[in-house]
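Please keep the sequence and the structure in view while reading.

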Amino acid sequence: MEDRVARLEARVADLAATVASLQVTVAVLQGAGGGAAPAPAAAPPGSAAPRLALVPAPPPAVAATLPAAAPPAPAAASSLAARAAADAGPGLPTLAGRAVLVLAGAFLLRMVTESGRVSQGAGVALGLAYAALWTGLAHRAGRRGRTLDATFHGAATAVVGFPLLWEASVRFGVLGPGAGAAILAVLGLGTLAVAWAHRLVALAGIAVLSALATGAVLLFATHAPLPYAVVLLALGAAALWAAYHRDWPRSRWAPALGLCTLFLLLGSLCGAPHQEWLAPGVVAGLQLALVVVDLGSFVARTLGQRAPAGGFEITLAAAVFLVGFEGAVRVLRASGASTRGLGALALALGAACAAGTFLAIERRRSAATAACYTTLAALLAL
């Protein structure tokens, strides 16, 4: 009996020694900065003291190589906070000061041009280069993640570039319709590309709406509908697909409805008194181009990308059919031109929409998509 008690006491002493050595090891691994390791648990009474030395603690050289979990220094913490504040972008007072500098630079170029120190062509070129500079700064800020800075720089391009384009085309007469439309495309599509690359929905809206408004004003001011309408169609298509790919549902409506309104106005004014600059053939061709661009986007969206036809797609298809196709029919009839070509085009488009109905059903698209294709096919056939 006494032997059993002695063996039990020996096992308890071994267990206590093991726990004590584990406590020492854990204390060393935690690396409490400068603090002393917790003392090992006391052995129970009656156990032999030499048994504690059976599992020795790590030597000091090994313990010194283990990492210490020390809290960050105050200087490092303040540096991280300053970097985070810098990445967040400037505040509103800073942006207001930059806006004043942007306008001051634009007015300085205008004053130098009007004073005759440089020619009007050189002044316009300098102003457009100044506007393009802000597009480059917007791209650089977007690459660094400074979204507010990038949006402001892109807006500076719109504020400087589009009014200058209007003055150079209408007031100074330096730019012809072809050159003005080309510069309009560069400014609008360039700023939209920066917005798309860095997911800046506000900048995309500013760029597209400013370009559409400037193009519409220049179209009526210069009496050159063809080059400006083609650029506006390209801008509208680019804005639509940027909204699709970046999932900006709210930014689709304004450009699409704005283009439909512009082409509706062109069709209404064609043939009116004092509007001889609107040739019926040109207006009808532009209206049919609107049909091709928007219905092509509708087909690519619903069948190519497998997206269901929503309220926007259905509204746009109806508006394009009424403004584009029916508008072209009315313009040609009012001018006395033949509409047989439009009849053949209507049958071809109707057959394509009927095929789209079968494809939508076969590929298990939504019921709204199939119904939209069916409705368009029936309207075009009629």
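## Pockets, salt bridges and cysteines

The lining of the second largest pocket is made up of 8 nonpolar, 2 polar and 2 charged residues. The model is a predicted one. This second largest pocket has a volume of about 230 Å³. Three helices, H12, H13 (340-362) and H14 (367-381), each contribute at least two residues to its lining. The largest share, 5 residues, is supplied by H12. Among the residues that line the second largest pocket are Phe321, Phe325, Val329, Leu342 and Ala346. Glu326 and Arg333 also belong to this lining, as do Thr339 and Gly343.

The largest pocket has a volume of about 300 Å³. Of the 16 residues in its lining, Ala106, Arg110, Val160, Leu164 and Glu167 are the closest to the centre. Helices H4 (92-114), H5 (120-143) and H6 each provide at least two lining residues for the largest pocket, and H4 gives the largest share, with 6 residues. By type, the lining of the largest pocket divides into 10 nonpolar, 4 polar and 2 charged residues.

The salt bridges come next. How many salt bridges does the model contain? The count comes to 3 salt bridges, and they are listed in the table below.

| Salt bridge | Closest N to O distance |
|---|---|
| Glu167 and Arg171 | 3.3 Å |
| Arg252 and Glu313 | 3.4 Å |

Each pair qualifies because a side-chain nitrogen of Lys or Arg lies within 4 Å of a carboxyl oxygen of Asp or Glu. Asp149 is buried, because its relative accessibility is 4% and the limit for a buried residue is under 20%.

Glu167, one of the residues closest to the centre of the largest pocket, also takes part in a salt bridge, with Arg171 as its partner. Both residues lie in helix H6 (residues 147-171), 4 residues apart, so about one helical turn separates them. Is each partner buried or exposed, or something in between? Glu167 has a relative accessibility of 14% and counts as buried, whereas Arg171, at 48%, counts as partly exposed.

The salt bridge between Arg252 and Glu313 has its closest N and O atoms 3.4 Å apart. Arg252 is in the loop between helix H9 (225-246) and helix H10 (253-269), while Glu313 is in helix H12 (residues 311-335), so the pair ties together parts that are 61 residues apart in sequence. Arg252 is buried, with a relative accessible area of 14%. Glu313 is likewise buried, at 7% relative accessibility. Helix H12, which holds Glu313, is also the helix that gives the second largest pocket the largest share of its lining.

The last topic is the cysteines. A disulfide is a covalent bond between the sulfur atoms of two cysteines. The structure holds 0 disulfides. Cys353 is in no disulfide, and the nearest cysteine sulfur to it belongs to Cys372, 8.2 Å away. Cys353 is buried, with a relative accessible area of 9%, and Cys372 is buried with a relative accessible area of 9%.

Note on methods
Residues are numbered from 1 along each chain as its sequence is written. This is a predicted model: local features need pLDDT of at least 70, side-chain atom pairs count only at pLDDT 80 or more; totals for chains, interfaces and linings use all residues. Side-chain values use heavy atoms; hydrogens and water are left out. Buried means under 20% relative accessible area, exposed over 50%, partly exposed in between (1.4 Å probe, protein chains only). On a 1 Å grid over the protein atoms alone, a cavity is a set of points where a 1.4 Å probe fits but cannot get out, and a pocket is an open set with protein on both sides within 12 Å along at least five of seven lines; lining residues have an atom within 4 Å of a point. Grid points are joined across faces, edges and corners, and a volume is the space filled by probe spheres set on the points. Ala, Val, Leu, Ile, Met, Phe, Trp, Tyr, Cys and Pro count as nonpolar, Asp, Glu, Lys and Arg as charged, and the others, Gly among them, as polar. A disulfide is a pair of cysteine sulfur atoms within 2.5 Å.
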